[in-house]
Amino acid sequence: MEIKSMHFKANVSAKLADAVLQGNLKNAKGKFVTKRAEAIKDLDDFEATRDAAAAIRNKVIDNLDLWLERFEQKAKDTGATVLWAKDGAEVCRLVIDIAKKHGVKKVTKSKSMLSEEAGLNHALEAAGIQPVETDLGEYILQVDNNEPPSHIIAPAVHKSLDDVADLFHKIHGTPRKTDIPALTREAREVLRGHFLSAEMGLSGGNFLVAETGSVALVTNEGNGRMVTTLPKVHVVITGIEKVIPTLEDLSTLMRLLPRSATGQSISNYFSILTGVKKPEEHDGPEHLYFVLVDAGRADVVGGDFHAMLRCIRCGACMNHCPVYQTIGGHAYGWVYPGPMGSVLTPLYAGIENSIDLPHAATLCNQCGIVCPVKIPLPDLLRKLREKQTERGLRPLTERIGLRLWAWVALRPALYALGARFGARYLKWLASGSDRIRILPAAPEWTQGRDFPAPQGKTFRELYAARQKTAKEST
Amino acid sequence: MATKRVGLFVTCLVDLMRPRIGFAALKLLETAGCEVIVPEGQTCCGQPAWNSGDAPGAVALAKKTIAEFEGFDYVVAPSGSCGDHVRTEYPTLLGEEPEWRDRATALASRTYELTDFLVNVLKVDSVPGDADGLIQGSVTYHDSCTGLRSMGIKEQPRALLAKVRGVQLKEMDGCEECCGFGGTFSVKFGEVSAAIAERKCNNVLASGAKAVVGGDLGCLLNIEGKLRRMGNDTTQVLHVAEVLAGRV
């Protein structure tokens, strides 16, 4: 996917001014946050489950090569082919090769964020193969001129009912309707033909189970089952970090994933797919391929951002992020929005392409609190800020300003003088009122709010005066 | 029991903007029987440097602060954010220098946010603001992020506010949600920050409380600034220490 994360700041203003988006974000926030809070109450001990989940993920990423080899061996034993891709371009090449080998003209897809990373749809089209998104949200985006998703589990969450009504009317040439079940039925009718005619199905994978060589798929619309069982060829594309040791581990993680993502105790559909169709079986693919993708992940292993590889892509961090709730996902400019995106985009798409992202967070740590695998997202964002500063990527004025400020703060007498001057200057700016309307040193603050006036003298001045008076009176 | 020697960490924002919060904290600690010392050389804990990616600046300021405050029985700050920076981040950011890390860890265990210290260490029965009657009526409490999520400051300020006659707590929706301040975030992404603050202010206003009270001045300046820009001139914005201490 095209990297637009460098335009974050410019994107923000447009998103704040978009009344439809603002309304949709408000609705989504209420839904995701409330439902998750309700759903985690089912668990006897949510915190202990989080600890267990984090431990499972750590166990894998601490020895990733070992677990990947185990998975590969098991998957091969079930008749699957395991392929490795070092980046998005290789993903596209491998998938196109598979498609050509099996004479594929049409591919049905269930949701795969990695195919977004790789820009796979575009590559397939260029190779004369038709990709059809079958997740309702992804379908809406695909028929709307291949708009990118704005959320990892609710890709079209930025769109309103009216947007979709207009879109379907235009694309399907049917009478405009605003009844959601009717709109859904209409999409199903279109997709049904594709499900039956596609020669290849393409899915992501929520987890890869090393013990059995299986892929676990969590979906809510049933499209995943159509994609993975009807065509003769099934290709799973997923990141190398998605492997977990056992089915038992899967059950632990599944206690957290749907609850954290959509506030469901279990998703509507949950599949564990193992191997190719056996002679005695009635359905399933005759050919199963795993395309396991690095695309920056191996470089993260063992480094400062290692914990990020625990991520199970539930989206809770963005659902609970005050910044995401305010601007939506598109402003982040790449595949993954919200706090997880502000860590992943610099790591996978380049720290120099994402100067704003690590700073676009209040470090409120709501993301860290809701993360089912306890990724310390604010710490990782802070670490990225440090890397940017070390590499001289931040604006020179900011770097000099910070150093100068720290230099002064290390010299109490100078600092006291500065604070004394600052308090008086700010008081003067307020010109007798209780507020400052325009703050020249920080214009962004006063763009959208006032800056309260200071008392006018510093604490240390007043305290020194008080001490002096007390001394004189004794 | 020996008198507790407390080093008051005023914080740079209180020093610059609202000295009365520092005096309120002083009064609360002294009334509770502490010997309070305000080290003259204190400046800033270094959190802005740490959060902005200037690790060397943050390390230098951490060492300075540790040297200034490690001689006291306790360090108390009228801020969850600054208090937590000393308590949680100092041992981390000095992790590669064993001697300093140990000094940081020792200081961290004796560093408290003001209301936490009053409730859990001093176990105060009453607060001076109770007799003063300076603030009367309903108040709503904004839980600042770091204090809440890192230091567990939730019940402490509420328990203390309940001791002030004439003050009633009216909880607002989303009291635990970020106000959008975020330190330098508020000036780097002013538009987003102000939009988040607007949600907070709408919740404050919907609560119908006469005042919004909190434990961190950064958040309070943000909330007050947004309320005033929204045209609200009546809702008071107060630090919890001001309500608890009464007249200073």
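This is a predicted model: local features need pLDDT of at least 70, side-chain atom pairs count only at pLDDT 80 or more; totals for chains, interfaces and linings use all residues.
The C-alpha trace of chain A spans about 100 × 55 × 45 Å along its principal axes.

Now the make-up of chain A. It holds 22 helices and twelve strands. Of its 474 residues, 49% are buried.

Next, the core. In soluble globular proteins, nonpolar side chains tend to be buried together. Here the largest nonpolar core has 216 residues. Which of them touch the most other members? They are Val291(A), Met308(A) and Val76(B). Take Met308(A) as an example. Leaving aside residues up to four places away in sequence, Met308(A) touches Val300(A), Val343(A), Leu344(A), Leu347(A), Ile375(A) and Leu380(A).

Two packed helices are described by the angle between their axes and the distance between the axes. Helix H9 of chain A covers residues 161-172, and helix H10 of chain A covers residues 180-197. They pack at an angle of about 35°, and their axes are 11 Å apart. The crossing of H9(A) and H10(A) is left-handed. On the H9(A) side, the contact is made by Leu161(A), Val164(A), Ala165(A), Phe168(A) and His172(A). H10(A) contributes Ile180(A), Leu183(A), Glu186(A) and Val190(A). By class, this contact of H9(A) with H10(A) has seven nonpolar residues, one polar and one charged.

Chain B has its own division. Domain 1 of chain B runs over residues 5-121 and domain 2 over residues 129-245. Their C-alpha centres lie 22 Å apart. How many residues of each domain take part in the contact between them? In domain 1 of chain B there are 28, in contact with 23 residues of domain 2 of chain B. Which helices supply the domain 1 side? Helix H1 (12-17), helix H2 (19-31), helix H3 (47-51), helix H5 (80-93) and helix H7 (114-121) of chain B each supply at least two residues of it. The residues on this side of domain 1 of chain B divide into twelve nonpolar, nine polar and seven charged.

Methods. Residues are numbered from 1 along each chain as its sequence is written. Chains are lettered from A and ligands numbered from 1 in the order in which they are written. Helices (H or I, at least four residues) and strands (E, at least two) are DSSP runs, numbered from the N terminus. A residue is buried if 20 or more other C-beta atoms lie within 10 Å of its own, exposed if 12 or fewer, and partly exposed in between; C-beta atoms are placed from the backbone. A nonpolar core is a set of buried Ala, Val, Leu, Ile, Met, Phe, Trp, Tyr and Cys residues joined through C-beta atoms within 7 Å. Two residues are in contact if their C-beta atoms, placed from the backbone, lie within 7 Å. Domain bounds come from an automatic or database domain assignment. Ala, Val, Leu, Ile, Met, Phe, Trp, Tyr, Cys and Pro count as nonpolar, Asp, Glu, Lys and Arg as charged, and the others, Gly among them, as polar. Axes are lines fitted to C-alpha atoms, for helices over the stretch in contact, and angles run from 0 to 180 degrees between N-to-C directions. A crossing is left-handed if the near helix is turned anticlockwise from the far one by less than a right angle, and right-handed if clockwise.
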